[in-house]
Amino acid sequence: MGMQGDFLQLLKEQGYTLGTPTAVGTGHALTNATTILAFKYRDGVLVAGDRRATAGNMVMYDRTDKVLEIDRYSVMAIAGVPATAYEMVRVLEHSFKYYRRTQLQELSFDGKLRAISKLLKDNVPAALAGTGAVVPVFAGYDLEQGSAKIYFYDILGAEFEGVEYAVSGSGSPTIRGILHYLNTWGDQPLNQLPEEQAMVQALRLLTSAAEFDSATGGVNREASLYPVIKLITGAGVQTIPDATLKPLYESQVVRYV
Amino acid sequence: MYEEPYRWVEAVGNRRQYLDEQFKQGSPVVALTYEGGILLVTVSKGTPKLYEIYDRLALGGMGHPTDLEKLRFSLLEMAHVEGFNRSPSDVTGSRLVKYGIAPVIKQAFEEVYKAPFIVRILVAELGQKPEKDALLTINYDGTFEETTGCAVLAATPAAQTKMTAYLKEQTPATLSLEQALDLALRAWAIGSLAHQQEESDQRAETESSASGAGAAAAAIPNVDVLREHVRSIAGGRTLECAVLERQAPGTSKYRSLKPADLSRLLPKALQSVVAN
């Protein structure tokens, strides 16, 4: 019933199903590889993602946005099959709004996490069939506790809290090690980085991922193509414009060796 | 016994009388477009009467809280399912009202064996452009009206006419939010005073059905009297104000005004209302 403010349930009553399992036919390369990352910095959490969508060894699109705002205080970064991931984001966006408007209060942060788990669980058959695997990173600002949080998931819907950082996608093994190194032996731990330094690190990390993973798009200055970087603080989600990233990239990321 | 057409007409007539009676204690609702969007104002007692329905849709209601809740839920369900299956821009107030709840309300009203909805509803829709702003009102019998500029809900048609006339007469070309709030509250006071007046007229009529009651159609009181009335009624209740703001960040344009906003926006004479 609508009294619980459960939008997914409402959709199901109307015959909706997420991700129907279909066996992958041969000759169809699915779009899936990517690099997304999230880490806590001084004022909140930074979430970043490259912009390349690939299918096999083909570049499908170079301007994908994989860091998607679900509401004013939460962001889901997606790795995996985009069709399913976008659909999930749409369901979540409507679920949170529907809950807020019917119940006249915000869905709690834990409630939001649970909603994502449930969607991933519903999606397991499609994920195992190979057509709908999604491995998201969820980051947000918990207003009640006044702190930023990061969670990452496996394709079955298990949720893990990434205390300092989380990564996902084909390029993630490269940068996971770097994040660990930076956080442990860097000049300062990640969660003390000021905003600008956090953005520089994100650009460097994605550039490194692109160096070793062909499915991750780095920065393409000729096309003025920069990764998507979003900052989530107590004031809400903020998307960093390319005009801010460009000088940072040119002054602190490019090495003319 | 309602099988005969005459009986049915009679039953529906009785129903109107019964329903009209139910709204007597109700608080009017005022919706007004201003330069930044649409403002909704009412004074509520206990249960809220203004709600967010969708990204660009707001609801105001009069009547029984449970009936209002039921209809609010059907509006929310329809809006969100449509917004998900098609797109948020396909969720329009006029579709929700005309094909959604108005037929339901009408059916309940005419099924004389069952209870009708004791509600009057106002749906405000913020258009992509100011010209597209729309206001819809639905009566307890399912009749709906679509207007622009301003719309009100009141206990009686007479009170409604007075309020609308006042709003139309006072509205300059563009209103700031402060001006709109002030004007909406004055219109609210006119409606509320009209309810009181009608009730006392009725009492006078039953007491002495002879003379005197005819003088009821008094002139519109001046601004101070109207503000004084708002102050006296809203003191013990909640002044509810909500806006659909065209420039609001993000997709959800609805925002209910907090006490801090109100004390900034209200005229001096009404500041005491916020403290409560």
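## Where chains A and B touch

Chain A brings 18 residues to its contact with chain B, and chain B brings 16. Contact here means heavy atoms within 4.5 Å. This is a predicted model, in which local features need pLDDT of at least 70, side-chain atom pairs count only at pLDDT 80 or more, and totals for chains, interfaces and linings use all residues. Side-chain values use heavy atoms, with hydrogens and water left out; residues are numbered from 1 along each chain as its sequence is written, and chains are lettered from A in the order in which they are written.

The area buried between the two chains is about 1,600 Å². Carbon and sulfur atoms give 61% of that area. Buried area is the accessible area (1.4 Å probe) that two parts lose on being put together, summed over both. In chain A, the residues that lose the most area to chain B are Arg90(A), His94(A) and Arg101(A). Together they account for 36% of what that side buries.

## Bridges between the chains

Chain A and chain B share 4 salt bridges. A salt bridge is a side-chain nitrogen of Lys or Arg within 4 Å of a carboxyl oxygen of Asp or Glu. Arg101(A) forms one with Asp55(B), where the closest N and O atoms are 2.9 Å apart.

## A bridge within chain A

Over all chains, the structure holds 31 salt bridges. One of them joins the side chains of Lys230(A) and Glu69(A), at 3.6 Å from N to O. Lys230(A) lies in strand E11 (residues 228-233) and Glu69(A) in strand E5 (residues 67-71), so this pair ties together parts of chain A that are 161 residues apart in sequence. Strands (E, at least two residues) and helices (H or I, at least four) are DSSP runs, numbered from the N terminus.

## Two packed helices

In chain A, helix H6 (residues 195-212) packs against helix H7 (residues 242-252). Their angle is about 70°, and their axes are 10 Å apart. H6(A) and H7(A) are therefore roughly perpendicular, a label for angles of 65 to 115 degrees.

Which residues of H7(A) meet H6(A)? They are Thr244(A), Leu245(A), Leu248(A), Tyr249(A) and Gln252(A). Residues on the H6(A) side include Met199(A), Val200(A) and Leu203(A).

Notes: Axes are lines fitted to C-alpha atoms, for helices over the stretch in contact, and angles run from 0 to 180 degrees between N-to-C directions. Angles under 35 degrees count as roughly parallel, over 145 as roughly antiparallel, 65 to 115 as roughly perpendicular and the rest as oblique.
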